[in-house]
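Dear colleague,

Here is the structure I said I would pass on. My notes on it follow below.

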Amino acid sequence: MRQCQPLAPFVLPCMWLVSDARNDALLERAIARLPRGSGLIFRHYHLDEAARRQRFATLARLIRARGGLAVLAGSMAQARRWGADGAYGAARLIAPGGRGLRLATAHGLREIGQAGRARADAVLLSPAFATRSHPGAAVLGTLRWRLLARQASVPVIALGGMSARQARRLGALHWAAIDGLTGAVRTGRD
């Protein structure tokens with residue numbers, strides 16, 4: 001995998017698999033198919049803390065064996081306690097302090113600014129396109145996503161209805177998906 005964005009002490013992966021209750025049974029196979037050096041954003045909000053921590057440990061081991069990063073949805077403090085490579089969430093949760101990759105969520109210009117002020121390493125800008133995670137929600141679309149991404153002071157990761165094809169459509173170097181990366185496992189499509 002090409003090195004998309006050097007961020008000491010990490011290289012920001014180009015491709016991110018996002019975990020969710022509906023893709024849980026497919027994650028091991030999906031991770032095995034990801035390019036080396038990809039990332040995992042572990043959400044799994046549906047599990048209680050003990051089960052969530054155990055599932056994170058299992059998947060983190062798999063993604064790291066492929067040279068990738070395991071980022072936990074939660075605060076930086078929680079990410080450090082769990083041995084994650086970083087934290088994913090609202091800018092206020094991933095504020096600076098300690099080591100680890102900080103991935104902020106954003107849906108518009110205000111949150112992009114908050115991510116910059118929180119010194120996020122990257123921002124996940126969503127939803128780029130229609131997504132099963134938020135059926136019927138307003139989407140940014142190609143033009144608005146590109147305009148917002150240009151305002152970010154950090155690398156932008158496209159999220160929401162993403163696939164390799166959609167990433168090319170946006171001109172996004174970095175992208176993340178739930179169904180777009182596990183659907184290939186389920187249907188045999190690449």
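**Positive surface patch**

Helix H6 is the element that gives the most to the positive patch, with three residues. Please keep in mind throughout that this is a predicted model. The patch lies on the surface, where Arg146, Arg150, Arg165, Arg168 and Arg169 gather. Two elements give two or more residues to this patch, namely helix H5 (141-151) and helix H6 (164-170).

Is Arg165 buried or exposed? Arg165 has a relative accessible area of 58%, and the cut-off for exposed is over 50%, so Arg165 counts as exposed.

Helix H5 also holds Leu143. With a relative accessible area of 62%, Leu143 is exposed as well. From Leu143 to Ser126 the C-alpha distance is 13 Å, and 17 residues separate the two in sequence.

**Overall fold**

The secondary structure comes to seven helices and 10 strands. For the 190 residues the globule rule gives a radius of gyration of 16 Å; the protein has 15 Å, which is close to that value, so the protein is as compact as a globular protein of that length. Taken along the principal axes, the box that the C-alpha atoms fill is roughly 40 × 40 × 35 Å. Of the 190 residues, 54% are buried.

**Salt bridges**

How many salt bridges does the structure hold? There are six salt bridges, and I describe some of them here.

Arg22 takes part in a salt bridge with Asp20, where the closest N and O atoms are 3.5 Å apart. Asp20 has a relative accessibility of 15% and counts as buried, whereas Arg22, at 29%, counts as partly exposed.

Arg22 also forms a salt bridge with Asp179, and here the closest N and O atoms are 3.1 Å apart. Why does this pair tie together parts that are 157 residues apart in sequence? The reason is where the partners sit: Asp179 is in helix H7 (residues 179-187), while Arg22 is in the loop between strand E3 (15-18) and helix H1 (27-33).

Another salt bridge joins the side chains of Asp24 and Arg55, at 2.8 Å from N to O. This pair, too, links distant parts of the chain, since Asp24 is in the loop between E3 and H1 and Arg55 is in helix H2 (residues 49-65), 31 residues apart. Asp24 is partly exposed, with a relative accessible area of 22%. Arg55 has a relative accessible area of 15%; the cut-off for buried is under 20%, so Arg55 is buried.

**In brief**

The positive patch on the surface includes Arg165, and H6 gives the most to that patch.

Regards

Note on methods
Residues numbered from 1 in each chain as written. Predicted model: local features only at pLDDT ≥ 70, side-chain atom pairs only at ≥ 80, totals over all residues. Heavy atoms only, no water. Patch = residues over 30% accessible without salt bridge, like charges linked within 9 Å, V, L, I, M, F, W, Y side chains within 5 Å. Areas by Shrake-Rupley, 256 points an atom, 1.4 Å probe, with all protein chains shown as cover. Salt bridge = Lys/Arg side-chain N within 4 Å of Asp/Glu carboxyl O. Lys, Arg positive; Asp, Glu negative; His and termini not counted. Charge placed at Lys NZ, Arg CZ, Asp CG, Glu CD. Helix = DSSP H or I, 4+ residues; strand = E, 2+ residues; numbered from the N terminus. Buried < 20%, exposed > 50% of the residue type's maximum accessible area, 1.4 Å probe, protein only. Rg over C-alpha atoms; globule rule 2.2 N^0.38 Å.
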